[in-house]
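These are my notebook entries on a structure that I consulted for the first time. I record what I looked up, entry by entry.

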Amino acid sequence: VHFTVMEQGDYPEKYWQVDIPNDEDGTSYTGSIENPVLLPDGRAFNAASSASSTSAPAPAQKKEVVKAATPVKKEQSTDPAFYVLDGSIGDTLYRKPGDLNGKDFRIENCIDCEIYILDHTSQIQIDDCTDCKIFLGPVAGSAFFRDCKNCTIEVACKQFRSRDCEECTIGIYCNTKPIIETSTNMTFRCWMGAYVGLEAQFDAAKLDPKVNTWSLIHDFNKKEDLGAVHFTVMEQGDYPEKYWQVDIPNDEDGTSYTGSIENPVLLPDGRAFNAASSASSTSAPAPAQKKEVVKAATPVKKEQSTDPAFYVLDGSIGDTLYRKPGDLNGKDFRIENCIDCEIYILDHTSQIQIDDCTDCKIFLGPVAGSAFFRDCKNCTIEVACKQFRSRDCEECTIGIYCNTKPIIETSTNMTFRCWMGAYVGLEAQFDAAKLDPKVNTWSLIHDFNKKEDLG
């Protein structure tokens, strides 16, 4: 086996929470124990509930994983016109759960309409719509908006693209980087849609609610093109106070859609949907008042060592070794040829290379660039980095935050879980390394080798 992604039920009961020992001159590291990265279920770190321990945590007992219910199924319409909305003005239009069941859909030439597509689809194309409110349930493929103006949109999709659009506000879940082209004054925020049966539809569309790269907008045009702002990403303090929670009207035959109102997507701060605290409303929510954004404190600064050997750990056996906050301050670092060691790099670095380590516990604070592991065996690792790569490694367990897809090559029996490291001053170090704790693609492992390779 090349790698496995650990189920959260198998996660350690406690975080790997590191107490930083005092320096030889008596300098101590005091303050709040921090970890700004959310677990896959949206749970945030709580120092009070996580025992302080300078050791890798023990694994938890496995918990049962409950799958989402199956989506509503109906007899599908054979009328092609049912899968198109064209030329409506001032109407409120629905496609309800079970109506589409994974089919393609088109919306075009609509003005001043409210449109609710409350079923999963394979792909959706929206053309030439103006002054509309458009709510799209899970799209397994692409949602493509062209020539739309002044629309309020809620969309969950694998791929998002807009071309020649203006003045649109988009609440979005997206499994890949949203793309805009020749579009101006587009405002993006995280998905805030909710209705009965939504979780099952995410499952049917094969969209993982935990993997949401909604804010990583890719703009095909240069900033100086188009003569206007291309897009902005809304601060969470400006988000609507309430979710866009849709009540599904009964069918003409009296069929009703009952059950829990659902939204499996977490907000950027890890807040999960709570139907009881979100007023039921079949309308786009009003914007919230802007809240103050508090920046992380600055990281510890010290006089930097001029000895090159300080930036390398080589050949240690059975030792416990530290680099503490302020020791490295964004420098490169190397670890190599260590056996049965506990190694704590508790400062932000530019890049780290780890070679030929065996039976070690290695804890790496934020790495602004690449963390590259080669020829490591039977190691327990906690690492936060922009890029992760392993080559020729075996039997390692990695708790990881990663800003891009982690890469493995000619490596076997690698186990990945979400980052669970915590120590004083960590949030400021994430900030210094320019790592956004909300953008964590730790589970999207890219394996350079085919499954049948490596024996």
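In which loop does Asp 392 lie? I found Asp 392 in the loop between strand S25 (380-391) and strand S26 (397-402). Strands here are DSSP runs of E with at least two residues, and helices are runs of H or I with at least four, numbered from the N terminus.

Before going on, I noted that this is a predicted model, in which local features need pLDDT of at least 70, side-chain atom pairs count only at pLDDT 80 or more, and totals for chains, interfaces and linings use all residues. Residues are numbered from 1 along each chain as its sequence is written, and side-chain values use heavy atoms, with hydrogens and water left out.

**Entry: Asp 392**

I looked up the exposure of Asp 392, which counts as partly exposed at 32% relative accessibility. The classes are buried under 20% relative accessible area, exposed over 50%, and partly exposed in between, with a 1.4 Å probe and protein chains only. Leaving aside neighbours within four places in sequence, I listed the contacts of Asp 392 as Asp 375, Cys 376, Glu 409, Thr 410 and Ser 411; contact means heavy atoms within 4.5 Å. With Thr 410, the side chain of Asp 392 makes a polar contact of 2.6 Å. Such a contact is a pair of N or O atoms within 3.5 Å; within protein, one must be able to donate a hydrogen and the other to accept it, and residues adjacent in sequence count only if both atoms are side-chain atoms.

**Entry: aromatic pairs**

How many aromatic pairs does the structure hold? I noted 26. Rings of Phe, Tyr and Trp (its six-membered ring) pair if their centres lie within 6.5 Å; planes under 30 degrees apart count as stacked, over 60 as edge-to-face and the rest as tilted. Tyr 15 and Phe 45 form an edge-to-face pair, with 4.8 Å between centres and 70 degrees between planes. Tyr 15 lies in the loop between strand S1 (3-5) and strand S2 (16-17), and Phe 45 in the loop between strand S3 (33-34) and strand S4 (84-86), so the pair ties together parts that are 30 residues apart in sequence. Both Tyr 15 and Phe 45 are buried.

I then turned to Phe 373 and Phe 388, whose ring centres are 5.5 Å apart and whose planes are at 35 degrees, so this pair is tilted. Phe 373 is in strand S24 (residues 361-374) and Phe 388 in strand S25, so the pair ties together parts that are 15 residues apart in sequence. Phe 373 and Phe 388 are both buried.

**Entry: salt bridges**

I recorded 13 salt bridges in the structure, each a side-chain nitrogen of Lys or Arg within 4 Å of a carboxyl oxygen of Asp or Glu. In one of them, Arg 189 meets Glu 154, with the closest N and O atoms 2.8 Å apart. Arg 189 is in strand S13 (residues 186-190) and Glu 154 in strand S10 (residues 152-163), 35 residues apart, and the pair links distant parts of the chain. Both Arg 189 and Glu 154 are buried.

Strand S10 also holds Arg 161, while Glu 181 lies in strand S12 (residues 179-181), so their pair ties together parts that are 20 residues apart in sequence. The salt bridge between Glu 181 and Arg 161 spans 2.6 Å, N to O. Arg 161 is partly exposed, with a relative accessible area of 28%.
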